[in-house]
Amino acid sequence: MNRPLPFDPIARAAQLWEERIGPSGAMAAVTGVMRVQQIVQSAVDAALKPHGLTFARYEALVLLSFARRGALPMRVMGERLQLHPTSVTNIVDRLEKDGLVKRMPHPTDRRTTLVEITSDGHARLEEATKAVTAIDFGLVGLTPKQTEQLSELLTKVRKATGDFNG
């Protein structure tokens with residue numbers, strides 16, 4: 001990581017924006033969210049790398065571990081992870097290659113492929129979860145209440161943009 005700057009570049013950009021363009025609230029908020037996303041992703045990637053996982057593969061293992069039977073149709077995985085079917089296929093290919101999941105035919109629908117987490121997948125997930133929770137998923141500097149408030153605010157934006165209903 002680079003040395004910290006002696007000033008907040010986003011605050012400085014917001015000040016200049018105000019002077020030259022107009023209200024800077026949304027610009028500063030979005031720029032801050034984008035920068036925090038980079039920081040959090042870097043921290044999570046570093047925590048997962050020793051476990052041979054990316055965040056996308058980690059999310060897939062978590063999803064499968066939450067499934068009642070430890071298996072889901074690939075289509076459902078894509079819906080829940082909000083990913084294109086091609087991305088789900090690539091994630092499952094890699095997890096399967098590593099022995100963390102296995103594909104199985106659906107017992108009643110020949111058109112559907114189920115993905116099931118393996119015992120090695122459960123073990124890897126447990127170790128990776130310890131790693132990401134040890135660093136609070138890279139989200140540092142907030143109290144538990146502030147983290148909850150942040151999550152609530154981000155949920156409002158997601159809902160307002162049609163990311164989900166309900």
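Helices (H or I, at least four residues) and strands (E, at least two) are DSSP runs, numbered from the N terminus. The model is predicted, so to speak of local features requires pLDDT of at least 70 and side-chain atom pairs count only at pLDDT 80 or more, while totals for chains, interfaces and linings use all residues. Residues are numbered from 1 along each chain as its sequence is written, and side-chain values use heavy atoms, with hydrogens and water left out.

**Sheet**

An open sheet is built from three strands in the order β1-β3-β2, with antiparallel pairing; two strands pair if DSSP finds at least two bridges between them. β1 (71–73) and β2 (101–105) are the edge strands, each pairing on one side only. From one strand to the next the twist averages 30°; axes are lines fitted to C-alpha atoms, for helices over the stretch in contact, and angles run from 0 to 180 degrees between N-to-C directions.

β2 is joined to β3 (residues 113–117) by five bridges. Along this pair, M104 stands opposite L114, and P105 faces T113. β1 and β3 pair over three bridges, with A71 opposite E116.

**Helices on the sheet**

| α3 (residues 55–66) | β1, β2 and β3 | about 95° with β3 |

**Pocket**

The largest pocket holds about 1100 Å³ of space. On a 1 Å grid over the protein atoms alone, a pocket is an open set of points where a 1.4 Å probe fits, with protein on both sides within 12 Å along at least five of seven lines; lining residues have an atom within 4 Å of a point. Grid points are joined across faces, edges and corners, and a volume is the space filled by probe spheres set on the points.

Of the 25 lining residues, Q37, V40, F55, L154 and R158 are the closest to the centre of this pocket. At least two lining residues come from each of α2 (25–48), α3 and α7 (144–160); α2 gives the most, with eight. The lining divides into 14 nonpolar, seven polar and four charged residues. Here Ala, Val, Leu, Ile, Met, Phe, Trp, Tyr, Cys and Pro count as nonpolar, Asp, Glu, Lys and Arg as charged, and the others, Gly among them, as polar.

Terms used. Contact means heavy atoms within 4.5 Å.
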